[in-house]
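Work each one before going on to its solution.

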Amino acid sequence: QLQAFGGGLVQAGGSLRLSCAPSGSIWRPNVMGWYRQAPGKQRELVATITRDGITRYADSVKGRFAISRDNAENTVYLQMISLKPEDTGVYYCKMNSYGSDYWGQGTQVTVSS
């Protein structure tokens with residue numbers, strides 16, 4: 001029910017902006033977030049943002065990634081700068097609404113060294 005866009009291939013030090021929006025209707029999502037999964041590794045939290053704008057980041061992306069949201073459009077963004085090869089993976093968006101979790105299909109981010 002969520003569609004993520006913006007992934008791609010970028011050189012180390014480059015930047016990308018991911019976006020995610022529901023294809024259907026989701027009623028006033030509370031927490032929105034981004035997760036990623038590198039090959040052979042478990043899915044991990046990248047960043048989350050509450051409806052009030054409170055953010056949380058994984059230590060590995062602090063100072064380089066910024067999560068934001070548009071409550072009117074139920075859209076969440078992830079601005080990524082100073083990308084590193086270890087940021088490579090499939091990035092998934094997630095929204096929580098009244099106890100239900102909704103996941104996107106994932107978008108591939110590949111950072112070359």
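**Exercise 1.** Why does S82 count as partly exposed?

Solution. The model is predicted: local features need pLDDT of at least 70, side-chain atom pairs count only at pLDDT 80 or more, and totals for chains, interfaces and linings use all residues. Residues are numbered from 1 along each chain as its sequence is written, and side-chain values use heavy atoms, with hydrogens and water left out.

Step 1. Buried means under 20% relative accessible area, exposed means over 50%, and partly exposed lies in between (1.4 Å probe, protein chains only).
Step 2. S82 counts as partly exposed because its relative accessibility is 36%.
Step 3. S82 is placed in the loop between β8 (75-80) and β9 (89-97); strands are DSSP runs of E with at least two residues, helices are runs of H or I with at least four residues, and both are numbered from the N terminus.
Step 4. The phi of S82 is near 50 degrees, a positive value in a residue other than glycine. Most residues other than glycine have a negative phi.

**Exercise 2.** Describe the secondary structure and overall dimensions of the protein chain.

Solution. Step 1. The chain has eleven strands and zero helices.
Step 1. The C-alpha trace spans about 40 × 25 × 25 Å along its principal axes.
Step 2. A compact globule of 113 residues would have a radius of gyration near 13 Å, and the chain has 13 Å, so the two agree. The radius is taken over C-alpha atoms, and the globule rule is 2.2 Å times the number of residues to the power 0.38.
Step 3. Of the 113 residues, 41% count as buried.
Step 4. Among contacts with a separation of 6 or more, 51% join residues 24 or more positions apart; contact means heavy atoms within 4.5 Å.

**Exercise 3.** What is the strand order of the open sheet of four strands, and which are its edge strands?

Solution. Step 1. The order is β1-β3-β8-β7, with antiparallel pairing. Two strands pair if DSSP finds at least two bridges between them.
Step 1. β1 (2-5) and β7 (65-70) are the edge strands, each pairing on one side only.
Step 2. Neighbouring strands of this sheet are turned by 15 degrees against each other on average, direction ignored; the axes are lines fitted to C-alpha atoms, and angles run from 0 to 180 degrees between N-to-C directions.
Step 3. β1 and β3 run antiparallel and are joined by four bridges. L2 has P22 as its bridge partner in β3, and F5 has S19.

**Exercise 4.** Which residues of the largest nonpolar core touch the most other members?

Solution. Step 1. A nonpolar core is a set of buried Ala, Val, Leu, Ile, Met, Phe, Trp, Tyr and Cys residues joined through side-chain atoms within 4.5 Å.
Step 1. This core has 25 residues, and W34, V76, L78, M80 and Y91 touch the most other members.
Step 2. At least two core residues come from each of β1, β3, β4, β5 (44-49), β7, β8, β9 and β11 (107-112).
Step 3. Not counting residues up to four places away in sequence, V76 touches several residues, including L18, C20, W34, I67 and C93.

**Exercise 5.** Is K94 buried or exposed, and what does K94 contact?

Solution. Step 1. K94 lies in strand β9 and is buried, because its relative accessible area is 18%.
Step 1. Leaving aside neighbours within four places in sequence, K94 has contacts that include L2, M32, Y35, D101 and W103.
Step 2. The strand continues into a hairpin: β9 and β10 have two residues between them, and Y98 in the turn has a positive phi of about 50 degrees.
Step 3. β9 and β10 (residues 100-103) run antiparallel and are joined by four bridges; M95 has Y102 as its bridge partner in β10.
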